[in-house]
Amino acid sequence: MEKYIADNTRYDNGMEYARCGRSGVLLPKVSLGFWHNFGGVDDYSRSRAITRYAFDHGITHFDLANNYGPPYGSAEETMGRLMDDDFRPYRDELFISTKAGYDMWPGPYGNWGSRKYLMASLDQSLKRMRIDYADLFYSHRYDPETPLEETLQALVDIVRAGKALYIGISRWPLEALRVAIKYLKEHDVPLLIYQGRLNMIDRAPIEEGIIDECEREGVGFISFSPLAQGLLTDRYLNGVPEDSRMSKGKFLKSDMLTPELLNRLRRLNNQAASRGETLAEMALAWILQHKAVTSVLIGASSTRQLEKNLKCLSAEPI
Ligand SMILES: NC(=O)c1ccc[n+]([C@@H]2O[C@H](COP(=O)([O-])OP(=O)(O)OC[C@H]3O[C@@H](n4cnc5c(N)ncnc54)[C@H](OP(=O)(O)O)[C@@H]3O)[C@@H](O)[C@H]2O)c1
């Protein structure tokens, strides 16, 4: 591939930036996740094209985790390769996040929320991504066995050590979120953001009060799997395409696509069509219209999908 020079118009292409809670950070309303399509098993030139397209269209936030791949760690290695090949000159224009909390390496120290795991994991992540610090480091999940204070103090110390600029948490229940907000505030490292699954068919963060708590406390909210892994697009309306996530059968299983859900998706698709939009555009716009939501964190297996999804920014309110 030819040498990358970022598009001069990247900040004039229609991307909007939203303030993340009550912080100094602005995030693009559409962010790009590396969970799928950026692993060692994936075609690097396609991952590279998607990332270039994203940055050229104002997507400054890339979201990773230690175990994204497969194999584990390889999405971060792809990020490292991308830094060397294309993005090093743009490091200060990028907001790169990673996480630890799920199964990563064997034995008792490669999972959950201990200080031992979080500290070692972030060191590994920085090496793989070939960067000196992460913009944002997350506890990837709530650990019911480790004292919350241990996890939270490790996060504070990570910021103090300069290894991450900001702290986020993902998938913590409401009560634990409240403890985190208080603890981190008291230790002068305010919680920047909560990452949770919110989309038209999974409204748990609203129902559980997470969104309200974030809004009240000035914490940003970023919605992962905003397209329900592709269900909220036209991908599965007429069967399961061969190259789709569902055809791989691991994270999106075909038994999820019940006749009831399919009917609901078809109705939503018709509603989108009557608005002159695709289902994906409408689904993303629906999330973004919630005041507390900072960004939608999408995945894409092609630049074409990204291109289509970015149209959500000009969709009408629902
Ligand atoms: N914190 C957590 O625990 C957690 C959990 C999950 C995800 N995440 C984060 O959220 C990010 C996004 O998750 P996700 O990939 O599940 O998001 P998503 O946006 O709901 O789904 C992305 C998938 O939908 C399909 N798709 C996207 N746009 C399409 C379009 N216009 N038309 C047809 N199909 C389309 C593609 O799948 P095909 O392969 O079928 O083309 C794509 O890979 C992850 O990368 C990760 O950073 C975090």
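The largest nonpolar core of this predicted model has 87 residues, and those with the most contacts inside it are L136, F137, I167 and A283. A nonpolar core here is a set of buried Ala, Val, Leu, Ile, Met, Phe, Trp, Tyr and Cys residues joined through C-beta atoms within 7 Å. A residue is buried if 20 or more other C-beta atoms lie within 10 Å of its own, exposed if 12 or fewer, and partly exposed in between, with C-beta atoms placed from the backbone. Helix α10 (residues 279-288) gives the most to this core, with 9 residues. Leaving aside neighbours within four places in sequence, L136 is in contact with F95, S97, A164, L165, Y166, G168, L192 and I193; contact means that the C-beta atoms, placed from the backbone, lie within 7 Å.

Residues are numbered from 1 along each chain as its sequence is written. Because the model is predicted, local features need pLDDT of at least 70 and side-chain atom pairs count only at pLDDT 80 or more, while totals for chains, interfaces and linings use all residues.

The chain as a whole holds 11 helices and 10 strands, which are DSSP runs numbered from the N terminus (helices: H or I, at least four residues; strands: E, at least two). Of its 318 residues, 45% count as buried. Among contacts between residues at least 6 apart in sequence, 76% join residues at least 24 apart. The C-alpha trace spans about 50 × 50 × 40 Å along its principal axes.

The buried residues of α7 are I210, I211 and C214. They cover an arc of only 100° around the axis, which puts them on the same side of α7; the arc is that of the directions from the helix axis to the C-beta atoms. An α-helix has 3.6 residues a turn, so residues three or four places apart point the same way. The buried residues of α7 pack against α5 (174-186), β8 (191-197), α6 (204-207) and β9 (220-224). Just after α7, G218 takes a positive phi of about 70°.

The last stop is the ligand. It is surrounded by 30 residues, of which the closest are G33, W35, F224, G230 and G299; a residue is near a molecule if its C-beta atom, placed from the backbone, lies within 6 Å of it. β10 (293-298) and α11 (303-309) each supply at least two residues of this shell, and α11 gives the most, with 3 residues.

Note on methods
Two residues are in contact if their C-beta atoms, placed from the backbone, lie within 7 Å.
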